[in-house]
Amino acid sequence: MKTIIIFESLHGSTEKCAHKLKELINGEIAIARLQENENVSIDDYDRVVIGGSIHMGVIQTRIEDFIKNNHSQLAEKKLGLYLCCMENGDTAQLQFNKAYPEELRKNALAIGLFGGEFNLGKMSLFEKKFTRKATGIKNSVSRINEEEIRKFALRMSEGIS
Ligand SMILES: Cc1cc2nc3c(=O)[nH]c(=O)nc-3n(C[C@H](O)[C@H](O)[C@H](O)COP(=O)(O)O)c2cc1C
């Protein structure tokens, strides 16, 4: 069974998660970053994983556009949807629900909130100021949830819905 992981990532967290999933999901796996190929084809794949991240409450426009342009095809695939963000609980869930259309969320084989990172070293001056002001952090923080990634990979691998 062939899988493609399609992602977008500003500072690398969603990308890290994509590579971790590539190690953990069984079968043949391809990875595509939308920034490098916005029109990536999913024709040849049985399973599709989409991963994006949240900035100022919204997922990347490239992910939104990709989903809009491929919606009917995605609805027929074994689908996984994940998100990186630093909010937890209900806020994270609301961001997830806003990021991915209900029809796809309901039919997805796996959905995952993988946590995220504040990597000050990779931020622009504006992003650093915004993040420091909004969160009070002084140093970079990593809160990627490896367990959620493992569970997600297992669901994709075994086809448990
Ligand atoms: C400028 C900025 C705004 C952010 N806004 C949000 C937000 O609204 N909600 C949230 O949960 N996380 C927010 N985050 C945290 C990101 O989702 C987190 O850094 C994530 O790991 C980014 O993944 P990426 O590097 O793959 O893009 C923000 C981060 C930055 C730098």
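**A colleague's note on this predicted model**

1. Let's begin inside the protein. Ile5 is buried, as 26 other C-beta atoms lie within 10 Å of its own. Here a residue counts as buried if 20 or more other C-beta atoms lie within 10 Å of its own, as exposed if 12 or fewer do, and as partly exposed in between, with C-beta atoms placed from the backbone. Ile5 has its place in strand 1, residues 2-7. Helices (H or I, at least four residues) and strands (E, at least two) are DSSP runs, numbered from the N terminus.

2. A word on what you are looking at. This is a predicted model, in which local features need pLDDT of at least 70 and side-chain atom pairs count only at pLDDT 80 or more, while totals for chains, interfaces and linings use all residues. Residue numbers start from 1 along each chain as its sequence is written.

3. Which residues does Ile5 touch, leaving aside those up to four places away in sequence? They are Ala18, Leu21, Lys22, Ile29, Ile31, Val49 and Gly51. Two residues are in contact if their C-beta atoms, placed from the backbone, lie within 7 Å. Val49 is 44 residues from Ile5 in sequence, yet their C-alpha atoms are 4.6 Å apart in space.

4. Now the whole chain. The protein chain has six helices and eight strands, and along the sequence they follow the pattern β-α-β-β-β-α-β-α-α-β-β-α-β-α. The radius of gyration is 15 Å, close to the 15 Å that the globule rule gives for 161 residues, so the protein chain is as compact as a globular protein of that length. That radius is taken over C-alpha atoms, and the rule is 2.2 Å times the number of residues to the power 0.38. Along the principal axes, the C-alpha atoms fill a box of roughly 45 × 30 × 30 Å.

5. Two percentages describe the packing. Buried residues make up 33% of the 161 residues in the protein chain. Of the contacts between residues at least 6 apart in sequence, 79% join residues at least 24 apart.

6. The largest nonpolar core has 37 residues, and those with the most contacts inside it include Ile5, Leu21 and Val49. A nonpolar core is a set of buried Ala, Val, Leu, Ile, Met, Phe, Trp, Tyr and Cys residues joined through C-beta atoms within 7 Å. Among the elements that each supply at least two residues of this core are strand 1, helix 1, strand 3 and helix 6 (146-158). Strand 5 gives the largest share, five residues. In soluble globular proteins, nonpolar side chains tend to be buried together.

7. Gly51 lies in strand 3 and is buried, with 27 other C-beta atoms within 10 Å. Beyond residues up to four places away in sequence, Gly51 touches Ile5, Phe7, Thr14, Cys17, Ala18 and Tyr82.

8. Ile63, Phe66 and Leu74 are buried in helix 2, and what covers its buried residues includes strand 1, strand 3 and helix 4 (102-107). Helix 5, by contrast, is hardly covered: of its eleven residues, the number buried is zero. Just after helix 5, Gly136 takes a positive phi of about 80°.

9. Is Met56 buried or exposed? Met56 is exposed, with 6 other C-beta atoms within 10 Å. Met56 lies in the loop between strand 3 and strand 4, and its phi is near 50°, a positive value in a residue other than glycine. Gly27, in the loop between helix 1 and strand 2 (28-33), is also exposed, with 11 other C-beta atoms within 10 Å. Apart from residues up to four places away in sequence, Gly27 touches Met1, Lys2 and Thr3.

10. Finally, the ligand. It is surrounded by 24 residues, the closest being Ser13, Thr14, Ser53, Cys85 and Gly116; a residue is near a molecule if its C-beta atom, placed from the backbone, lies within 6 Å of it. Helix 1 (13-24), strand 3 (47-55), strand 7 (115-118) and helix 5 (125-135) are the elements that give two or more residues to this shell. The shell divides into nine nonpolar, eleven polar and four charged residues. In this count Ala, Val, Leu, Ile, Met, Phe, Trp, Tyr, Cys and Pro are nonpolar, Asp, Glu, Lys and Arg are charged, and the others, Gly among them, are polar.
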